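Trainee: Could you walk me through how the labels for this structure are assigned? I would like to see each value set beside its cut-off.

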Amino acid sequence: MKRDLLNSLCCPFTHKRLRLEKSFEKNGRIENGLLTTEDGTQYPIVQGVPRFVPKENYANSFGFQWNRFRKTQLDSYTGVPISRDRFYKSTEWSPDDLKGKTVLEVGCGAGRFTEILLSAGAIVVALDYSNAVDACWKNHYLHPNLNVVQGDIYNLPFQEESFDFVFCFGVLQHTPDVKKAFMSLIPQLKKGGCLAVDVYRKKLGTIFWSKYWFRPFTRRMEPDRLFKKVEKWVPVLLPVSIFIGRIPIVGKKLRYLVPVANYHGILPLTNVKILEWAILDTFDMLSPKYDQPQSAATLRSWLEEAGLVDIKVFHPAHLVGQGRKA
Ligand SMILES: C[S@@+](CC[C@H](N)C(=O)[O-])C[C@H]1O[C@@H](n2cnc3c(N)ncnc32)[C@H](O)[C@@H]1O
């Protein structure tokens with residue numbers, strides 16, 4: 001953690017300022033220490049990351065997957081601008097908009113989008129509820145523009161109106177109360193600041209997506225037990241899904257009947273990486289405790305209720321919502 005982050009950090013519950021104690025610094029960063037409030041509440045800084053959440057929480061499976069597949073979805077690893085294209089297409093922000101601006105990224109995972117923000121020259125705070133923060137921190141170790149924080153979207157540990165941009169992709173559907181999670185982002189925006197979120201889109205066909213038939217069982221399984229099954233079955237099921245996908249006209253829809261994440265013919269990846277993504281994303285489909293798609297009308301109503309202007313809702317792939325604080 002960089003020392004200047006102390007200016008925007010606060011207790012996530014009382015919003016009181018935090019004092020740094022017993023700190024140990026390395027490479028100009030606070031590596032370990034304690035953040036304390038006047039009333040004696042303490043939050044540790046461990047391995048460079050301030051931690052505001054209990055070690056065990058509902059997002060453990062995400063910590064498991066992002067530490068195991070720390071690099072898999074990073075453009076710098078795949079050599080293809082998959083994250084970059086999704087980021088700019090969905091946010092409609094440009095690198096010039098972001099350069100030198102403060103950005104809060106909520107639910108950073110291993111940091112595939114953190115990489116894009118940093119390469120645009122943004123000053124980023126990447127936050128996640130799970131220990132995926134360790135993967136994100138390792139991936140972007142000592143980047144001069146980055147702070148990583150382990151915190152909860154419902155109780156963000158920052159002073160209000162601290163950020164020019166707030167960005168939250170792939171997260172809201174995985175929280176217990178999606179509207180409340182969305183609303184908790186708004187106070188973090190400075191006046192005139194921009195928000196971009198994305199969420200799984202609810203549609204009629206969602207019920208035919210076989211992951212929802214398996215999830216009542218798989219979401220209750222211990223991550224390492226489920227992972228062993230996924231690792232065993234995905235190499236068998238992926239060729240079946242690819243075969244079904246080749247059936248003219250209906251194949252593209254029918255392949256959703258096989259519970260495997262199949263990017264064949266969709267993403268420009270090598271066969272080895274298609275399998276790696278399939279294992280990661282099949283686990284990502286089956287393991288999360290919560291998976292709650294939303295409709296475009298619902299997302300639009302939240303953006304309006306939050307009092308944002310320049311609202312836009314569209315679905316380049318997932319459902320995207322954009323807005324600006326007046
Ligand atoms: C599907 S991953 C997406 C990660 C990253 N945004 C990406 O697209 O690669 C969802 C992330 O949301 C995080 N998450 C879930 N609930 C959260 C909460 N209450 N507060 C902050 N992050 C949360 C999970 O830990 C997980 O890393």
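Mentor: Gladly! Asn 27 counts as exposed because its relative accessibility is 52%, and exposed means over 50% relative accessible area, buried under 20%, and partly exposed in between (1.4 Å probe, protein chains only). Before we go on, this is a predicted model, in which local features need pLDDT of at least 70 and side-chain atom pairs count only at pLDDT 80 or more, while totals for chains, interfaces and linings use all residues. Residues are numbered from 1 along each chain as its sequence is written, and side-chain values use heavy atoms, with hydrogens and water left out.

Trainee: What makes the phi of Asn 27 worth a remark?

Mentor: Phi of Asn 27 is near 50 degrees, a positive value in a residue other than glycine. Asn 27 sits in the loop between β1 and β2 (29–36); strands are DSSP runs of E with at least two residues, helices are runs of H or I with at least four, and both are numbered from the N terminus.

Trainee: And why is His 15 called partly exposed?

Mentor: His 15 has 42% relative accessibility, so it counts as partly exposed. His 15 belongs to the segment before β1 (19–26), and its phi is also positive, near 65 degrees.

Trainee: Which class does Val 250 fall into, and why?

Mentor: With a relative accessible area of 43%, Val 250 is therefore partly exposed. Val 250 lies in the loop between α9 (223–245) and α10 (251–254).

Trainee: What kinds of residue form the shell around the ligand?

Mentor: Eleven are nonpolar, seven polar and four charged. Here Ala, Val, Leu, Ile, Met, Phe, Trp, Tyr, Cys and Pro count as nonpolar, Asp, Glu, Lys and Arg as charged, and the others, Gly among them, as polar.
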